[in-house]
Amino acid sequence: MKTKRALLNNVSKTVCSVFCLVLIAGCSGGGEPLPELTEVTGTVTLDGKPLENISVIFQPEAAGQASSRGTTNAEGKFKLMYNQDASGAVSGKHKVRFAVMDADSTGLLPEKYTRTNSGETADVTQVGPNSFQFELKSR
């Protein structure tokens, strides 16, 4: 009886150890490598006044590329993030759109700027500078 219990205990420890190793290996990053990114900053104004809490989305025109986004501060300035840990955007032509992040500001932006084909574009280059000014108009 004691031998079965010891064997079962050893098997349980082994299974637990293997599970922990698999869990650690799965959390160690190992995902898709990041593309080459370039820092992108800018300012968004509406009728000459800075817009706060606006999401700025750069969608690459090249197929298969992920978008980058940033949120404007009180001065209307933003910095793009590719993901939670990496700043910047891929080089190339991008379609740019905007989204209101604050429910109280719904209707602040004209609808044309919130569409995928807003008409706003940006060409991100590796050599830069990649600082864009978007001067939106309410009419």
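Two strands are said to pair if DSSP finds at least two bridges between them. Strands themselves (E, at least two residues) and helices (H or I, at least four residues) are DSSP runs, numbered from the N terminus.

The model described here is predicted, so local features need pLDDT of at least 70 and side-chain atom pairs count only at pLDDT 80 or more, while totals for chains, interfaces and linings use all residues. Residues are numbered from 1 along each chain as its sequence is written, and side-chain values use heavy atoms, with hydrogens and water left out.

**Overall architecture**

The protein chain contains one helix and 10 strands. Along the sequence these elements follow the pattern α-β-β-β-β-β-β-β-β-β-β. Contacts (heavy atoms within 4.5 Å) reach across the sequence: among those with a separation of 6 or more, 63% join residues 24 or more positions apart. The accessible surface, computed by the Shrake-Rupley method with a 1.4 Å probe, comes to about 9400 Å², and carbon and sulfur atoms account for 53% of this surface. Of the 139 residues, 27% count as buried, a term that stands for under 20% relative accessible area (1.4 Å probe, protein chains only).

**An open sheet**

Four strands, in the order β5-β4-β8-β9, make up an open sheet with antiparallel pairing. Its edge strands, β5 (68-71) and β9 (120-124), each pair on one side only. Between β4 and β5, the antiparallel pairing extends over four bridges.

**Aromatic rings**

A pair of aromatic rings is described by the distance of the centres and the angle of the planes. Rings of Phe, Tyr and Trp (its six-membered ring) pair if their centres lie within 6.5 Å; planes under 30 degrees apart count as stacked, over 60 as edge-to-face and the rest as tilted. By this rule there are seven aromatic pairs, including the two in the table.

| Pair | Arrangement | Centre to centre | Angle between planes |
|---|---|---|---|
| Phe58 and Phe132 | tilted | 5.8 Å | 55° |
| Phe132 and Phe134 | stacked | 6.4 Å | 25° |

Phe58 belongs to strand β4 (residues 54-60) and Phe132 to strand β10 (residues 131-136), so their pair ties together parts that are 74 residues apart in sequence. Both Phe58 and Phe132 are buried, and Phe134 is buried as well.

Conventions. Buried < 20%, exposed > 50% of the residue type's maximum accessible area, 1.4 Å probe, protein only.
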